[in-house]
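Biologist: I would like to learn how to read a strand and its surroundings. Please take me through one case.

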Amino acid sequence: MKSIYPLFLFIAVALLSACSPHMVSGVWKPTQDNEYGISKLVVAFDGKAEFVTTKLDNINWHCFWSATADRTADLECTPSNDTSKEESFKLNINAESLAELSHKLKPVATFKLVNENPVL
């Protein structure tokens, strides 16, 4: 009779291994002023994101994001001033590890990752 130890070990290792967070998750600060007035973009590990557009009626945007590639995510966001409306944003990370947020195919802001916990 063969030992079930290797099978048990394989299952234990599989259950204990954790997924690493997606590259877009984290707290992002703009590299310069932007036309939307975004001062911080928070992309949480659990698929939520949020930011404030101070130059667009000071709106809070609450988003759900999904990864579309290793360095890209789509954000479906609802503005605080009209919760029946939804807008699409795209976040792409380039080779220099800078993230570019686009809205309606137009670049909005460029961000760098900061060492903060992305908790919403």
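Modeller: Strands (E, at least two residues) are DSSP runs, numbered from the N terminus. N92 lies in strand β6 here. This is a predicted model, where local features need pLDDT of at least 70, side-chain atom pairs count only at pLDDT 80 or more, and totals for chains, interfaces and linings use all residues. Residues are numbered from 1 along each chain as its sequence is written, and side-chain values use heavy atoms, with hydrogens and water left out.

Biologist: In what order do the strands close into a barrel?

Modeller: Two strands pair if DSSP finds at least two bridges between them. The eight strands close in the order β1-β2-β3-β4-β5-β6-β7-β8, with antiparallel pairing. Strands β1 (residues 26-30) and β2 (residues 41-43), for instance, are joined by three bridges. In that pair, G26 stands opposite V43.

Biologist: Is E87 buried or exposed?

Modeller: Buried means under 20% relative accessible area, exposed over 50%, partly exposed in between (1.4 Å probe, protein chains only). E87 has 13%, so E87 is buried. N92 has 26%, so N92 is partly exposed.

Biologist: Which side chain makes a polar contact with the side chain of E87?

Modeller: A polar contact is a pair of N or O atoms within 3.5 Å; within protein, one must be able to donate a hydrogen and the other to accept it, and residues adjacent in sequence count only if both atoms are side-chain atoms. For E87, the partner is the side chain of H103, at 2.8 Å. The side chain of N92 makes a polar contact with that of T72, at 2.9 Å.

Biologist: How many residues apart in sequence are N92 and T72?

Modeller: They are 20 residues apart in sequence, and 4.5 Å apart in space, C-alpha to C-alpha.

Technical notes:
Helix = DSSP H or I, 4+ residues; strand = E, 2+ residues; numbered from the N terminus.
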